[in-house]
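Here is a short report to read beside the model. Have the viewer open, and follow the side chains as they come up.

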Amino acid sequence: MINVRRAEERGRFDHGWLDTRHSFSFGSYRDPKFMGFRSLRVINEDFVAPGQGFGTHPHRDMEIFTYVLSGALEHRDSLGSGAVLRPGEFQYMSAGSGIEHSEFNPSAAEQVHLYQIWVLPNERSATPRYDQLNLDEAEKRNRLRTVASPDGRDGSLAIRQDATIGLSLLDAGQTLVAPIARDRHVWLQALSGEFAVNGETVRPGDGVAVSDEKELRIEGRETGEFLLFDMA
């Protein structure tokens, strides 16, 4: 069974400094049909204006990922971590028992385009931690590169959930086939380009919920990136 969550159906709010789209219910956006998918709780696509950002605020008991598509995002947190994320860098923050952080666009001229993703953890009040993964294009081109997993396999980020996150940059005319194990569920998030996913046309911002399927056949129609979440 495949259900496509179209980009234009998402919740959208334009705050001037922040233009944001919510695949699932978040903040003041509520849709009882889209409260999350398995352990995946938040997928927000954000466009942050130059010199603007999210001030210091707290989180707890959430696995939080950030992926920048264009521009740059400056991160600071109460663990003492600090980094400027750019395209190709995948950030992980496990809020655990409690963490505070800020995210800021340091550019005076260029907006930053990013995805923020939250996954529910499988343990509560754990010790907070921060990590990031720097990827070159070849690692994800026409293959599914594991960027996060429960055991940190293949050089991925070790996370607190039975979920594996893959990232791919698929060229037009190329095909990836992703097997799906029994009793597993998959969410595909299209970041750019255009794909056919088991025959369904998928464009930037679209999400695909997959259950009771043996595999996903992903065909590149226009070169682009997608994230693939494999969950219990």
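## R124 and its loop

R124 sits in the loop between β11 (112–119) and β12 (129–134); helices (H or I, at least four residues) and strands (E, at least two) are DSSP runs, numbered from the N terminus. R124 is exposed, at 66% relative accessible area, where exposed means over 50%, buried under 20% and partly exposed in between (1.4 Å probe, protein chains only). Its C-alpha atom is 35 Å from that of E137, 13 residues apart along the chain.

Before going further, note that this is a predicted model: local features need pLDDT of at least 70, side-chain atom pairs count only at pLDDT 80 or more, and totals for chains, interfaces and linings use all residues. Residues are numbered from 1 along each chain as its sequence is written, and side-chain values use heavy atoms, with hydrogens and water left out.

## D61, the partner of R124

Which side chain makes a polar contact with the side chain of R124? That of D61 does, at 3.3 Å. A polar contact here is a pair of N or O atoms within 3.5 Å; within protein, one must be able to donate a hydrogen and the other to accept it, and residues adjacent in sequence count only if both atoms are side-chain atoms. A polar atom of the D61 side chain also lies 2.7 Å from the backbone nitrogen of S125.

D61 belongs to the loop between β5 (53–59) and β6 (63–70). D61 is buried, with 7% relative accessible area. Setting aside residues up to four places away in sequence, D61 touches A95, G96, P121, E123, R124 and S125, contact meaning heavy atoms within 4.5 Å.

## S102 in its strand

S102 is part of strand β10 (residues 99–104) and counts as buried at 16% relative accessibility. Apart from neighbours within four places in sequence, S102 is in contact with F54, G55, T56, E74, H75 and R76.

## Aromatic rings

The structure holds eight aromatic pairs. Rings of Phe, Tyr and Trp (its six-membered ring) pair if their centres lie within 6.5 Å; planes under 30 degrees apart count as stacked, over 60 as edge-to-face and the rest as tilted. One of the pairs is W17 with F54: the centres are 5.3 Å apart and the planes at 75°, so this pair is edge-to-face. W17 lies in the loop between β2 (11–14) and β3 (18–22) and F54 in strand β5, so the pair ties together parts 37 residues apart in sequence. W17 counts as partly exposed, at 28% relative accessibility.

F37 and W187 form a tilted pair, because their ring centres are 5.7 Å apart and their planes at 50°. F37 is in the loop between β3 and β4 (40–48) and W187 in strand β17 (residues 185–190), so this pair ties together parts that are 150 residues apart in sequence. F37 is buried at 13% relative accessibility, and W187 is buried at 2%. Elsewhere, ring pairs link F65, Y67, F90 and Y92 into a cluster.

Strands β18 (residues 194–197) and β21 (residues 215–222) run antiparallel and are joined by four bridges. A196 stands opposite E219 in β21.

Conventions: Two strands pair if DSSP finds at least two bridges between them.
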